[in-house]
Amino acid sequence: MTATILDGKAFAARLRQRIAGDVERLRADGITPGLAVVLVGEDPASAVYVRNKGRQTREVGMKSVEHRLDAGVAQDALLTLIGELNADASIHGILVQLPLPGHIDSAAVLDAIDPAKDVDGFHVLNVGRLATGQKAMVPCTPLGCLMMLRDHHGSLSGMEAVVVGRSNIVGKPMAQLLLGDDCTVTVAHSRTRDLTGVVRRADIVVAAVGRPGMVQGDWIKPGATVIDVGINRVDAGEGKTRLVGDVDFDGAVRVAGAITPVPGGVGPMTIACLLANTLTACCRAHG
Ligand code: GUN
C-alpha cells in the first residue's frame, strides 16, 4: 500500500483562484488589498521568498509593495518604516521577512506591526488570541497545514496529533490550531525522550524541525497522515542539490495513509495563506 499524496501545489492554486475572484469583486467596489513586505539584508533564500510573495500578490490582483533595507539598518529606522506602513490606508498586510540581523530585536519589530495588519500572525496579541481561541491572524504555514488536514479528513476531532518542532513560526501555532480542532496534541522536540515512540502514537504527524529526513518511515503508524513542513537543500552529487523534507519520504510513503511531498506539499500553501490573510485583513478594515 502506498499513501495518498496530498498535493499542496494544486490546493494552493485553487485557493489563489478563489482569492483572485474575491479581489476582483473588491476592486469593482474601489478597494484594492495591499501587502507590504520588508526585507532586511541580502540573505539569498529570503530574497527568493520575497520575490515569490511579490509576484503571487500581483497575480491575484492585489497591490504589492517591497521595502529592501540594508543589513546594517538601525532598528529605529525599521520601526519608523513600520509606523508609516501602519498608517498607510492602502496597505492591509505587513510582513517583515525573518530572520532579521542579530543587532535587531525581532520581537520589538514584530510587536510594532499593527495587529490588524499582522498577516504573519507573529504579533504577541495575535499569538495570545490564537492561544485563547479568539479571532486571530494565524501564521501562514500552520494555517496551510490545517487546511490540507481538514480537506483530507473532514473532522480532526479526537485524533492523536504529534507536532515535531516547537518554533514560534510553525510548531507552537500548529499545536494551537490542532488543539482548536479537538485533536489530542503532543509537541515533541530535540529533548523529547523516546521520540520514536511518541511519533508512533500519532494519527497526524507534523514534522517541522529543519533536519533532512529525520522522521523515519518506520516511526509512522500505519495509515497515519504525515505533513512535512521541512524544506532542506541537500547535496545530490555531481555538484547538484535537491530539496528534501524532514521526513524520510520513501520510507514513510509505504506506511502512511497520506503524506505531503517536498517540494509540492506544504510549501506552496504558505504564500497562498499569506494572500488569504491579506484579503481577510482588508475585508476587516473595510467592515
Ligand atoms: N521566514 C521563514 N518563514 C517565514 C514566515 O512565514 N514569515 C516571515 N515573515 N518570515 C519567515
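This note sets out points on the domains, the ligand site, a helix pair and the backbone of the structure.

1. The model is predicted: local features require pLDDT of at least 70, side-chain atom pairs count only at pLDDT 80 or more, and totals for chains, interfaces and linings use all residues. Residues are numbered from 1 along each chain as its sequence is written.

2. The protein chain is assigned domain 1 (30–117) and domain 2 (140–267), with bounds that come from an automatic or database domain assignment. The centres of the two domains, taken over C-alpha atoms, are separated by 28 Å.

3. In the UniProt record, an unreviewed entry, residues 6–120 carry the feature "domain: Tetrahydrofolate dehydrogenase/cyclohydrolase catalytic". UniProt positions are given in the numbering used here, feature names are shortened, and annotations may be inferred rather than shown by experiment. Residues 6–120 are 48% helix and 16% strand, with end C-alpha atoms 24 Å apart. Helices (H or I, at least four residues) and strands (E, at least two) are DSSP runs, numbered from the N terminus.

4. The UniProt record, an unreviewed entry, also lists "domain: Tetrahydrofolate dehydrogenase/cyclohydrolase NAD(P)-binding" at residues 139–284. That span is 36% helix and 21% strand, and its end C-alpha atoms lie 17 Å apart.

5. Around the ligand are Leu95, Val96, Gln97, Leu98, Asp120, Cys140, Thr141 and Ile169; a residue is near a molecule or strand if its C-beta atom, placed from the backbone, lies within 6 Å of it. Strand 4 (93–96) and helix 6 (140–153) are the elements that give two or more residues to this shell. Domain 1 and domain 2 both contribute residues to the shell, so the ligand lies between them.

6. By residue class, the shell around the ligand holds five nonpolar, two polar and one charged. Here Ala, Val, Leu, Ile, Met, Phe, Trp, Tyr, Cys and Pro count as nonpolar, Asp, Glu, Lys and Arg as charged, and the others, Gly among them, as polar.

7. Leu98, a member of the ligand shell, is joined to Pro99 by a cis peptide bond with omega of about 0 degrees. Pro99 is in the loop between strand 4 and helix 4 (106–110).

8. The peptide bond from Val262 to Pro263 is also cis, with omega near -5 degrees. Pro263 is placed in the loop between strand 11 (258–259) and helix 10.

9. Helix 1 (residues 8–28) packs with helix 10 (residues 267–285) at an angle of about 20 degrees, their axes being 8 Å apart. Axes are lines fitted to C-alpha atoms, for helices over the stretch in contact, and angles run from 0 to 180 degrees between N-to-C directions. Helix 1 and helix 10 are therefore roughly parallel (angles under 35 degrees).

How values were computed:
Parallel < 35°, antiparallel > 145°, perpendicular 65-115°, else oblique.
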